[in-house]
Every structure is written in C-alpha cells, then in structure tokens.
Amino acid sequence: MPNVSGKVVLITGAARGIGAQTARELARRGARLALVGLEPDELAAVAAELGDGHFWAEADVTDPDSIEAAVAGAVEKLGRLDVVIANAGIAPIGTVRHSDPRAFVKTVDVNLNGVFHTARAALPHLIDRRGYLLVVSSLSAFSPTGGMAAYTASKAGSEALASAIHSEVAHLGVAVGSAHPSWIDTDMVRDVAKDLRTFEAMRKRLPWPMRATTSVEDCGKAFADGVERRARRVYVPRAIMVMHWLRNVPSSRLAERLMLPILRRLIPQLEKEVTGLGRSLSERHQKLQG
C-alpha cells in the first residue's frame, strides 16, 4: 500500500464533518492539505489545527470560476496536486410532491454539478501527477430511500459521473474512485434528525446494514485508506459492499411489500413535518446556500 506522506490532497466540503475529519487523518499520515469550502472561519480553524504547511480557500463548487481559483491557489501555494476528494454535499429532506423545487435543483447543483466543476478544474493537475480523484457518493446511490429523492438522484449521478471519468482518464494514469458512506455521525445527519423526528424513525426501520451509523473518525480513516490504495470503491461501513452487489433488491417487489406498511404511515408524517418547518434544507445549509 503506497503512503500519502508528502502528497498534496485537496478536499471540498472540508470545513466540518467527513471532509474535516479526512483532512485530519491524512495530515496525520503526512499529507499536505488544501481545504476548500463555504465556511472560512471553520476552514481556517481546521487548517490551524493541522499545523503549518497547509492551505485553505473559500469556494463554491457550483461556481466553476470559484473552484478553479481555489484549485489554482492550492497549486500555487503547495506546488502541485496529487489527490482530490470531491466531498462537498447537501442533503434536503422532503418528498417530490411537497419539497421546495429550489432545494431539489440546489442539491443536484452541489452534489452532482459540483463534482463536475471540481473534477474539471483539478484533472489537468492530476494528469501531471498521475494522481487520484475520489468522488463522495453515498449508499443512497444504490439504495433509494423515500423522502430523500434529491439526495438519492444527485448521489446516483455522482457515482455514474465518477465511473465515466474513470474510463476517460485511466489511460493517462489517473485513478478515479467513488465513496459510498452510509449514515455518518456528522452535523448534516444530526441537523436533519433534529428537524424531523420521522426521518430518524424511518432510518431505524431500514434493514441492516442500511441503518448502520458510523463515527466520523472511522469514516475519515476509511477514506484515507481508500486514498492510499487509490481505491475504485470505498464503502463505509464495509458491509455496504453487499448492498452494492444487491443494488436491485431495495426496489424489488418483496422489499416494496415489506416497506409499504411503514412508508404508508411515515411518509405522510414526514411531509407534515417538512411543511411545518417551512424549508427543505437545514438552517445552516439554508444560510450557506442563500
């Protein structure tokens, strides 16, 4: 297994959660980090925690000029780019019938278009270094859950985009992988659970391993391991691999029959809760996305 000591790694969505913890783990292994995100105070705090020799930049992955400037700044400051982790993402909750269409569009813009803009800005540098791109998708890409249509669609798209990029740049020596975490104990997951009690009830009724929750520390280690081995797939927890192999099971007639009584009761409750909130995004993401 190659190590990451001395490698330059750029992470989007690096201000908190999975992005920040992966940065900590990679820095511990000797990497130099370029932290990119929308929260400058948080980015600066993480960079200070990592110590000298790191870089941070405020950037919006939905704006190609913004992310290109961040990538250029990282290369100017750190000299090169060996690895990029396209991690920035948001997760609205609400059914298609009742959610704010602007939240759906924004989710696709961040979670899918943001990956495209990040990859496009970074690929020339990754090609120079025969580097590695890790696209953070989700368990949701192959296990759709009611009430999360925007997130599921965007993460399925990001997985497909990663596979397409893989086929385009493999001959240039660039490796591309996708990461598929299940529920990770992050601010994003806690924000939704705080807003919507039905969300937590629905999550607990999913079959194992779909309902498993992993600490952000274990997720950061799994992502760092994936970077070191230039993994084609990263599963968190590893049991999620089984769901990838059986990706048609959640939409099978048997699964639908088993889940129907639960969904018949919980989906209307979820819709009422979202309507009562008056928003489809968490308060923090509502402020960040504008």
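This is a predicted model: local features need pLDDT of at least 70, side-chain atom pairs count only at pLDDT 80 or more; totals for chains, interfaces and linings use all residues.

Trainee: Okay, so are α1 and α2 roughly parallel or roughly antiparallel to each other?

Mentor: Start with the axes: α1 (residues 17-28) and α2 (residues 40-50) come within 10 Å and cross at roughly 20 degrees. The cut-off for this class is under 35 degrees. The two helices are therefore roughly parallel.

Trainee: And which residues of α2 does α1 meet?

Mentor: α1 passes α2 in a right-handed crossing. On the α1 side, the contact uses Ala20, Ala23, Arg24 and Ala27. By class, the contact between the two helices has five nonpolar, no polar and two charged residues. The partners in α2 are Val46, Glu49 and Leu50.

Trainee: How far apart are the end C-alpha atoms of α1, and what should the helix span?

Mentor: There are twelve residues in α1, and at 1.5 Å a residue they should span 16 Å. The model agrees with that, as the end C-alpha atoms are 17 Å apart.

Trainee: How many residues of α1 are buried?

Mentor: Among the buried ones are Ile18, Gln21 and Leu26. The buried residues pack against β1 (8-12), β2 (32-37), α2, β4 (83-86), β7 (183-184) and α8 (216-228). α1 is largely enclosed by the rest of the structure, because the buried count is nine of the twelve.

Definitions and conventions: Residues are numbered from 1 along each chain as its sequence is written. Side-chain values use heavy atoms; hydrogens and water are left out. Axes are lines fitted to C-alpha atoms, for helices over the stretch in contact, and angles run from 0 to 180 degrees between N-to-C directions. Helices (H or I, at least four residues) and strands (E, at least two) are DSSP runs, numbered from the N terminus. Angles under 35 degrees count as roughly parallel, over 145 as roughly antiparallel, 65 to 115 as roughly perpendicular and the rest as oblique. A crossing is left-handed if the near helix is turned anticlockwise from the far one by less than a right angle, and right-handed if clockwise. Contact means heavy atoms within 4.5 Å. Ala, Val, Leu, Ile, Met, Phe, Trp, Tyr, Cys and Pro count as nonpolar, Asp, Glu, Lys and Arg as charged, and the others, Gly among them, as polar. The expected span of a helix is 1.5 Å times one less than its number of residues. Buried means under 20% relative accessible area, exposed over 50%, partly exposed in between (1.4 Å probe, protein chains only).
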